[in-house]
Amino acid sequence: MSMYNEKVMEHFMHPQNAGDMENPSAVGSYGSPVCGDMMEISLKIEDGVIQDAKFKTFGCGSAIASSSVATEMIKGKTLEEALELTNQNFVDELGGLPAPKVHCSVLSEQAIKLAIYNYAKEKGLQLKGLEGFDPDRDIHDDEDEHE
């Protein structure tokens, strides 16, 4: 019996939106210090709406499934709407992940935020969803304060 439900397996075996994107509007990469997984997300943005999203994930099945579902969920959303989604939304959409694997879904949330952050910075946009977001500050920074 697999510890993963069918939906997670489906997204793992047949990930949506995996691969490269030509001329993306924005790219965000995030690596997890906890598990060493890495994710890169590419977005095509037009008029403040995410038209397309692609990902490349170096990681476990949960990280891949989360990336797959995350890219599906942010397509067609405005930047603000996409920023409102958290890894919990991705986990819920997948129908749950085993507890030790929930952190894998944080990769998607962070990579998406970084991509949008990079885009907003380049375009000089002020996005409410990015308030207080610091790309240089890791979300797991309680472990090592090196500032």
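**Entry 1: Ala18**

I looked up Ala18 and found it in the loop between helix 1 (6-13) and strand 1. Helices (H or I, at least four residues) and strands (E, at least two) are DSSP runs, numbered from the N terminus. The model is predicted, so I note its limits: local features need pLDDT of at least 70, side-chain atom pairs count only at pLDDT 80 or more, and totals for chains, interfaces and linings use all residues. Residues are numbered from 1 along each chain as its sequence is written, and side-chain values use heavy atoms, with hydrogens and water left out.

The cut-offs are under 20% for buried, over 50% for exposed, and in between for partly exposed (1.4 Å probe, protein chains only). I then checked contacts, meaning heavy atoms within 4.5 Å. Leaving aside neighbours within four places in sequence, Ala18 is in contact with Lys54 and Phe55. I also looked at Ala18 and Ile112, which are 94 residues apart along the chain. Their C-alpha atoms are separated by 14 Å.

**Entry 2: two positive phi values**

Asn23 is in the loop between helix 1 and strand 1. Its phi is positive, about 45 degrees, although Asn23 is not a glycine. Asn23 counts as exposed, because its relative accessibility is 65%.

Asp47 lies in the loop between strand 2 and strand 3. Phi of Asp47 is near 50 degrees, again a positive value in a residue other than glycine. Asp47 is exposed, with a relative accessible area of 80%.

**Entry 3: the sheet**

I followed the strands next. In what order do the 3 strands lie in the open sheet? The order is 1-2-3, and the pairing is antiparallel. Two strands pair if DSSP finds at least two bridges between them. Strand 1 (26-31) and strand 3 (49-58) are the edge strands, and each pairs on one side only. From one strand to the next, the twist averages 15 degrees. Strand 1 and strand 2 (residues 38-46) pair over 6 bridges. I picked out Tyr30: its bridge partner in strand 2 is Met39.

**Entry 4: helices on the sheet**

Helix 2 (residues 61-74) lies across strand 2 and strand 3, and runs at about 175 degrees to strand 3. Helix 5 (residues 106-123) packs on the sheet and touches strand 1, strand 2 and strand 3. Axes are lines fitted to C-alpha atoms, for helices over the stretch in contact, and angles run from 0 to 180 degrees between N-to-C directions.

How do helix 2 and helix 5 meet? Ala63, Ser66, Ser67, Ala70 and Ile74 in helix 2 meet Leu107, Ser108 and Ile112 in helix 5. The two axes come within 8 Å and cross at roughly 45 degrees.

**Entry 5: the core**

I searched for nonpolar cores, meaning sets of buried Ala, Val, Leu, Ile, Met, Phe, Trp, Tyr and Cys residues joined through side-chain atoms within 4.5 Å. The largest has 38 residues. Ile41, Leu43, Ile50, Ile74 and Ile116 have the most contacts inside it. Helix 5 gives the most to this core, with 8 residues. Leu43 touches residues including Met21, Ile50, Ile74 and Ile116.

**Entry 6: Asn87**

Asn87 lies in helix 4 (residues 87-93). Asn87 is buried, because its relative accessible area is 14%. Not counting residues up to four places away in sequence, Asn87 touches Val102, Ser105, Val106 and Glu109.
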